[in-house]
Amino acid sequence: MKSCIHIIGLVIMCWQSLEAQPGYELLKDVDKLDIPFEFSNNLILVNVVFQGIFPLKFIFDTGAEHSILSKSSITDVLGIPYEREFKIYGSDMKTELTAYLIRGIHLKIETMVAPSNTMLVLKEDYFNFDELVGFNVDGIIGADMFKGLIVKINYEKKLITLMKNKSVKKATEGMQAIPIRVEKNKPYLSTVVQTQGDSTVNVKLLLDTGAMLSLLLNSDSHPGLKPPTNAVQGNIGAGLGGFLTGHLGRVASLQMGAFQCQEVLTNFQTATFDMDTVLLRNRNGVIGNEVLSRFEVIIDYPAQKLYLKPNRRFLEKFEFDKSGLVVIATDYQLSKFLVHSVIPGSPAELAGIKAGDEIKRINFAIASLMNLKGINATMRKKEGKKIVLVVKRDGKRMKFEFRLRKLI
């Protein structure tokens with residue numbers, strides 16, 4: 001199953017404005033700057049050199065207000081002092097976590113040099129990106145790095161282009177302009193979703209390149225956003241502090257300007273009594289990379305406009321896992337694979353597979369020689385395909401068989 005990470009921007013409880021280097025300072029000598037990226041597991045990953053020493057990998061995240069270093073071991077090794085402590089909420093809107101403020105951080109992203117940055121450092125790696133995506137991820141490049149600029153994301157060429165205003169006219173030729181709102185450096189699109197019950201709902205959605213999912217809807221934010229009757233219950237994603245629970249289903253369509261995405265996989269998150277829903281800032285949900293990557297995208301932060309042009313993936317179906325397994329990668333080399341959870345009533349659950357099982361073989365291939373992306377891809381193959389799993393449980397090897405089946 002695709003690990004649907006939903007990274008909600010940090011909300012600082014004891015709020016103090018964090019100073020950040022304006023985006024224009026990064027382009028003071030040029031009109032635009034290209035940054036190549038790796039697109040893996042629906043995440044935009046850029047190479048970052050931290051303090052001129054550590055080569056790291058960060059997520060390029062329009063849904064995060066601030067840049068974040070998720071591994072405090074790096075600042076500990078370099079002896080970087082923490083200026084103050086912040087309390088922050090996790091993605092579940094109820095768990096209180098700890099982060100520290102650091103200043104004067106030198107970052108080099110390809111040819112772009114940002115010599116003095118303010119960042120947050122997590123006390124612990126609350127994201128656990130590595131387990132969820134199967135490769136090392138060290139943090140997030142948030143909007144504080146590129147605010148005041150025009151950001152173009154070409155998913156096919158795997159290229160981010162940062163531009164000043166004078167470059168936007170040529171760059172947006174042949175693209176549709178859509179008004180957006182930029183609030184606390186984060187872009188929001190007001191649009192329409194049509195539910196499976198044919199209800200049309202006006203929604204305010206965060207454009208979030210830090211989310212691996214297609215669409216997340218906060219089902220309590222509007223009466224028309226309840227999960228469909230055929231939705232399955234389980235982990236709808238993961239973010240700061242751990243996995244999020246809810247329902248997985250589809251909406252009939254999501255409007256993106258003049259373009260319409262059909263039968264969109266949707267994660268429905270329902271608020272509980274102990275959640276602080278004020279943190280949603282009146283939004284109804286999130287549009288993630290599984291939708292955004294079907295377009296060439298330009299976010300014009302100063303003019304508050306979104307430009308879209310469909311690419312070759314636009315008409316592809318939104319595929320979902322057909323096994324019911326949520327698998328994570330563990331150990332130092334991320335080559336040990338554990339079943340994190342199993343969707344009730346799914347083929348894997350009915351076959352007897354349980355959370356905590358260590359996957360040793362998949363269809364007679366040795367699991368440790370695979371990667372998490374390959375395992376997830378196997379579980380999304382055509383309906384009816386036979387899957388043979390050998391797992392280790394309580395020190396014993398056990399063999400299970402099931403056939404993939406459409407769950408949503």
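The structure is a predicted model, in which local features need pLDDT of at least 70 and side-chain atom pairs count only at pLDDT 80 or more, while totals for chains, interfaces and linings use all residues. Residues are numbered from 1 along each chain as its sequence is written, and side-chain values use heavy atoms, with hydrogens and water left out. The secondary structure comprises seven helices and 28 strands; helices (H or I, at least four residues) and strands (E, at least two) are DSSP runs, numbered from the N terminus.

**Overall make-up**

- Of the protein's 408 residues, 57% are buried, where buried means under 20% relative accessible area, exposed over 50%, and partly exposed in between (1.4 Å probe, protein chains only).
- Among contacts (heavy atoms within 4.5 Å) with a separation of 6 or more, 66% involve residues 24 or more positions apart.

**Salt bridges**

- Side chains of opposite charge can pair when their charged atoms come close.
- The structure holds 14 salt bridges, each defined as a side-chain nitrogen of Lys or Arg within 4 Å of a carboxyl oxygen of Asp or Glu.
- One of them pairs K204 with E183, with the closest N and O atoms 3.1 Å apart.
- This pair links distant parts of the chain, since K204 lies in strand 15 (residues 200-207) and E183 in strand 13 (residues 181-183), 21 residues apart.
- K204 counts as buried at 16% relative accessibility, whereas E183 is partly exposed at 21%.
- K226 and D220 form another salt bridge, at 3.6 Å from N to O.
- In that pair, K226 has a relative accessible area of 45% and is partly exposed; D220 is also partly exposed, at 43%.
- K322 is bridged to E319, with 3.4 Å between the closest N and O atoms.
- K322 is buried at 9% relative accessibility, while E319 is partly exposed at 41%.

**Surroundings of I287**

- I287 belongs to strand 20 (residues 285-287) and is buried, with a relative accessible area of 0%.
- Beyond its neighbours within four places in sequence, I287 is in contact with L189, L205, L206, L207, D208, S214, L215, L254, M256 and L292.
- I287 and A211 are 76 residues apart in sequence, yet their C-alpha atoms are 7.7 Å apart in space.

**The second largest pocket**

- The second largest pocket has a volume of about 350 Å³; grid points are joined across faces, edges and corners, and a volume is the space filled by probe spheres set on the points.
- On a 1 Å grid over the protein atoms alone, where a 1.4 Å probe fits, a pocket is an open set of points with protein on both sides within 12 Å along at least five of seven lines, and lining residues have an atom within 4 Å of a point.
- Of its 19 lining residues, R250, E263, K317, F318 and E319 are the closest to the centre.
- Strand 19 (residues 259-269) gives the most to this lining, with four residues.
- The lining has seven nonpolar, two polar and ten charged residues; Ala, Val, Leu, Ile, Met, Phe, Trp, Tyr, Cys and Pro count as nonpolar, Asp, Glu, Lys and Arg as charged, and the others, Gly among them, as polar.
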